Amino acid sequence: MNFPIVDTFEPVTVIGGGDSPPQDVAIAREIASICVAADSGAHLALELGIDLAAVIGDMDSISDAARAQIPAERFHQIAEQDSTDFDKALRNIRAPLVVAVGFTGGQIDHSLAALNTLVRRRDKMVVLLGQQDVVFLCPKTLHLPLPAGTRVSLFPMGPVSGCSSGLKWPIDGIEFAPGQRSGTSNQALGDVHLEFSAASMLCILPRSFIHLVAAQLQSVPAHARWPARVE
């Protein structure tokens with residue numbers, strides 16, 4: 001049995017090495033005060049004076065100067081190159097929610113890899129905070145109490161269908177799939193309820209809803225969560 005590196009009943013902020021202004025980290029820490037760095041995400045954490053619970057990754061990007069400022073026992077090197085540092089961090093954290101900053105923006109391949117990791121770690125409740133949006137993997141069922149007119153985008157990472165209430169353009173009966181059909185720039189009419197057939201649908205909302213999303217994801221009951229992916 002593999003034991004998590006960070007095991008807590010509190011939400012956790014994971015800081016990545018991508019572009020992330022200090023205010024994004026501050027917003028994340030309002031929700032999740034325990035902080036973990038994914039490899040070179042430690043650089044930003046140190047600049048902001050954040051005490052890290054752990055640094056997790058292959059350690060190919062962190063500087064010697066940063067290493068010298070963090071206790072050695074908090075470094076957890078995972079040398080394999082088959083996954084990203086974000087994936088390495090997520091699979092070694094057990095927490096009710098992870099707020100991730102520094103994984104969107106910058107290089108597009110890094111952003112795509114982060115979205116792929118949301119699907120790979122489908123059993124985790126994770127929200128990515130970006131410059132304009134928040135992104136998360138939809139559980140089996142989800143309730144979002146949104147103001148009318150809120151942009152609600154749905155993007156499939158695999159074949160998936162579902163049903164909805166409270167959307168201007170309902171998704172019932174639609175077969176979504178990458179390269180075929182997506183559901184971007186829909187609108188909420190008010191409270192939105194979503195149900196999905198597979199752990200493949202990303203939801204994208206304006207970043208101002210980060211606190212609402214964090215609360216709703218933590219309140220998802222066990223039967224509405226996806227099981228861990230079989231490795």
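Modeller: Let's begin with a lining sorted by class. This is a predicted model, and the lining of its second largest cavity has one nonpolar residue, five polar and two charged.

Colleague: Which residues line the second largest cavity?
Modeller: The lining is made up of Asp 19, Ser 20, Asp 24, Gly 102, Thr 104, Leu 129, Gly 130 and Gln 131. The volume of this second largest cavity is about 30 Å³.

Colleague: And how many cavities of 30 Å³ or more does the structure hold?
Modeller: There are two of 30 Å³ or more. The largest cavity has a volume of about 60 Å³. Around the largest cavity you will find Arg 122, Lys 124, Met 125, Val 126, Leu 137, Cys 138, Pro 139, Leu 217 and Trp 226.

Colleague: Let's move on to the pockets. What volume does the largest pocket have?
Modeller: The largest pocket has a volume of about 430 Å³. Its lining counts 25 residues, and those nearest the centre of the pocket are Gly 17, Gly 18, Asp 85, Phe 103 and His 110.

Colleague: Which helices each supply at least two residues of the lining of the largest pocket?
Modeller: Look at helix 4 (85-90) and helix 5 (108-120), as each supplies at least two. Helix 5 gives the largest share of this lining, with four residues. By class, the lining of the largest pocket has 13 polar, seven charged and five nonpolar residues.

Colleague: What lines the second largest pocket?
Modeller: That pocket has a volume of about 280 Å³. Its lining consists of Thr 104, Gly 105, Ile 108, Ser 111, Leu 112, Leu 115, Gly 130, Gln 131, Gln 132, Asp 133, Val 135 and Ile 204. The largest share, four residues, comes from helix 5. Sorted by class, this lining has six polar residues, five nonpolar and one charged.

Colleague: Now the packing of helices. What describes two packed helices?
Modeller: Two packed helices are described by the angle between their axes and by the distance between the axes. In this structure, helix 1 (residues 22-31) packs with helix 6 (residues 210-218) at an angle of about 35°, and the axes are 10 Å apart. The crossing of helix 1 past helix 6 is right-handed.

Colleague: Which residues make the contact?
Modeller: Helix 1 brings Ile 27, Glu 30 and Ile 31, while helix 6 brings Ile 210, His 211 and Ala 214. Of the residues in this contact, four are nonpolar, one is polar and one is charged.

Colleague: Stepping back, how many helices and strands are in the protein chain?
Modeller: The protein chain has six helices and 15 strands. The radius of gyration of the chain is 17 Å, close to the 17 Å that the globule rule gives for 231 residues, so the chain is as compact as a globular protein of that length.

Colleague: What does the C-alpha trace span along its principal axes?
Modeller: The C-alpha trace of the protein chain spans about 55 × 35 × 35 Å along those axes.

Terms used:
Residues numbered from 1 in each chain as written. Predicted model: local features only at pLDDT ≥ 70, side-chain atom pairs only at ≥ 80, totals over all residues. Heavy atoms only, no water. Axes fitted to C-alpha atoms, helices over the stretch in contact; angles between N-to-C directions. Left-handed = near helix turned anticlockwise from the far one by under 90°. Contact = heavy atoms within 4.5 Å. Nonpolar A, V, L, I, M, F, W, Y, C, P; charged D, E, K, R; others polar. 1 Å grid on protein atoms, 1.4 Å probe; cavity = no way out; pocket = protein on both sides within 12 Å on 5 of 7 lines; lining within 4 Å. Points joined across faces, edges and corners; volume = space filled by probe spheres on them. Rg over C-alpha atoms; globule rule 2.2 N^0.38 Å.
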